[in-house]
Amino acid sequence: MTKLIHLDKEPIVVDGKVVEYLTPDVVYVPFPRKKEDLKKEKEIKKGSFLYPNFYAPISGKLKKIEDCLLPSGKWVHCLVYENDFQEKQVGGKATRKKISTLSKEEMLESILDTRLKEKLERSNPSLLLISGIEDEPYIENESIIGQNHTKMLVDMIEALLSIYPNTKAYIALKNTDSKTIMAYQNILGMYKNIEIKFVEDLYLIGQEYFLTKYLHMKEPYLFLKVSELYELYLNIKGRKPLTETFITFSGNGCQKPIVIKAKIGTKVTDLFFKFFKEDLSNCVFFVNGMMQGKQMDLNYLIVTKDLKGILMMKKQMRKKRECIKCGKCILLCPKHANPLMAYQLNRKITCMNCGLCTYICPSNIPLYQYVKEDNE
Ligand code: SF4
Ligand code: SF4
């Protein structure tokens with residue numbers, strides 16, 4: 001296995017209490033990849049199906065179509081809905097049944113995310129591996145969801161254990177994440193088949209491939225992130241789709257790092273102006289983190305399920321120098337690729353967009369930009 005490394009980072013403490021922004025004036029619904037999937041509803045109710053894996057986050061009326069920016073950096077047309085603040089809703093009420101008494105079929109029927117549904121459908125695990133680890137430095141969503149919704153997550157794990165007989169569950173947590181460890185330890189005494197697995201604070205350890213290798217897992221397993229468990233619980237217990245998501249705002253340019261629970265489709269600048277007083281011109285913004293994210297302008301960026309964090313970093317000059325041929329970028333690449341081939345020879349390389357080559361380069365060469373561009 002590739003030797004993973006610990007990242008040196010300035011300590012930044014994110015407030016453990018989630019703040020909410022659930023009443024945006026408007027939401028932006030991005031056009032789906034297959035345009036034929038889109039129904040241009042003039043009026044929507046909260047929770048109504050708009051296209052596969054996208055459900056209306058508010059109730060309101062269609063106002064216009066506008067172009068917006070996705071966290072991936074792509075521009076898309078969006079339907080802009082004005083919030084009527086009436087929260088008119090479609091869909092059933094939360095089930096009164098204990099979810100651990102539901103059959104596998106009953107659970108599958110209520111899962112709305114197609115990828116999650118397929119994952120559960122085709123699994124026949126003897127172990128559930130739950131990752132409560134966020135790899136990106138300064139993004140804390142998986143820990144904060146764990147701390148704020150411990151009981152609900154553990155109930156969901158118990159329910160999954162009941163549909164896969166003779167299984168046990170591991171919750172993998174970084175051994176440095178003391179608050180989250182304590183939150184789970186406080187209730188796990190009652191659950192004999194659920195165990196915490198402590199892992200070192202190494203970059204990429206939260207990824208399925210590296211985590212299973214680190215834990216020497218040989219048995220068939222089902223891998224889920226804590227945020228996926230949260231979504232499953234909403235679908236199965238709440239009988240509702242995910243219409244809100246968690247976003248960490250942090251970085252050395254952010255005075256009070258926080259996690260915001262916001263409606264999908266909200267403009268990121270609405271969140272910024274509501275919760276922060278920082279001067280936008282003094283910072284650069286990395287969307288979805290320093291290692292794997294992209295530096296972007298926040299204007300026109302919208303909240304999607306894929307938006308995990310906004311990193312506000314003080315502007316600083318990192319002078320790019322000549323390559324000194326130290327080979328560190330090649331040595332550290334988890335894909336055993338050669339980022340220099342992309343940088344110097346414009347060659348395509350196999351890349352998982354982890355950003356390690358840029359992080360390690362003593363000459364401050366933004367290798368990541370070259371390898372990413374090659375792979376897009
Ligand atoms: S970003 Fe790509 S090339 Fe660079 S270290 Fe990661 S996998 Fe390797
Ligand atoms: S880490 Fe930077 S300086 Fe070293 S070989 Fe790679 S590109 Fe060159």
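These legends go with a handful of close-ups of a predicted model.

**Close-up 1. Ligand 1 and the residues around it.** Let's start with ligand 1, which has 15 residues surrounding it. Cys333, Cys351, Cys354, Leu356 and Cys357 are the closest of them. Two helices, H11 (356-360) and H12 (367-375), each put at least two residues into this shell. H12 supplies the largest share, with three residues. Sorted by class, the shell around ligand 1 comes out as twelve nonpolar residues, two polar ones and one charged.

**Close-up 2. The shell of ligand 2.** Here 14 residues surround the ligand. Which of them are the closest to ligand 2? They are Cys323, Cys326, Cys329, Cys361 and Ser363. The class tally for the shell around ligand 2 reads ten nonpolar, two polar and two charged.

**Close-up 3. Helix H4 meets helix H5.** The axes of H4 (residues 150-163) and H5 (residues 178-188) come within 10 Å, crossing at roughly 60 degrees. That makes the two helices, H4 and H5, oblique to each other. Their crossing is right-handed. On the H4 side, Thr150, Lys151 and Val154 make the contact, and H5 answers with Ala183, Tyr184, Ile187 and Leu188. Five of the residues in this contact of H4 with H5 are nonpolar, one is polar and one is charged.

**Close-up 4. A four-stranded open sheet.** Follow the strands across and you get the order S2-S7-S6-S3, with antiparallel pairing. At the edges sit S2 (26-30) and S3 (43-44), each pairing on one side only. Now for S6 and S7: how many bridges join them? S6 (residues 60-69) and S7 (residues 75-83) pair in the antiparallel sense over nine bridges. If you want a spot to look at, find Lys64, which stands opposite Val80 in S7.

**Close-up 5. Helix H3 against helix H7.** In this pair, H3 (residues 141-148) and H7 (residues 226-236) have axes that come within 8 Å and cross at roughly 45 degrees. H3 and H7 are therefore oblique to each other. H3 brings Asn141, Glu142, Ile145 and Gly146 to the contact, while H7 brings Val226, Ser227 and Tyr230. By class, the contact of H3 with H7 splits into three nonpolar, three polar and one charged.

Conventions: Residues are numbered from 1 along each chain as its sequence is written. Chains are lettered from A and ligands numbered from 1 in the order in which they are written. This is a predicted model: local features need pLDDT of at least 70, side-chain atom pairs count only at pLDDT 80 or more; totals for chains, interfaces and linings use all residues. A residue is near a molecule or strand if its C-beta atom, placed from the backbone, lies within 6 Å of it. Ala, Val, Leu, Ile, Met, Phe, Trp, Tyr, Cys and Pro count as nonpolar, Asp, Glu, Lys and Arg as charged, and the others, Gly among them, as polar. Axes are lines fitted to C-alpha atoms, for helices over the stretch in contact, and angles run from 0 to 180 degrees between N-to-C directions. Angles under 35 degrees count as roughly parallel, over 145 as roughly antiparallel, 65 to 115 as roughly perpendicular and the rest as oblique. A crossing is left-handed if the near helix is turned anticlockwise from the far one by less than a right angle, and right-handed if clockwise. Two residues are in contact if their C-beta atoms, placed from the backbone, lie within 7 Å. Two strands pair if DSSP finds at least two bridges between them.
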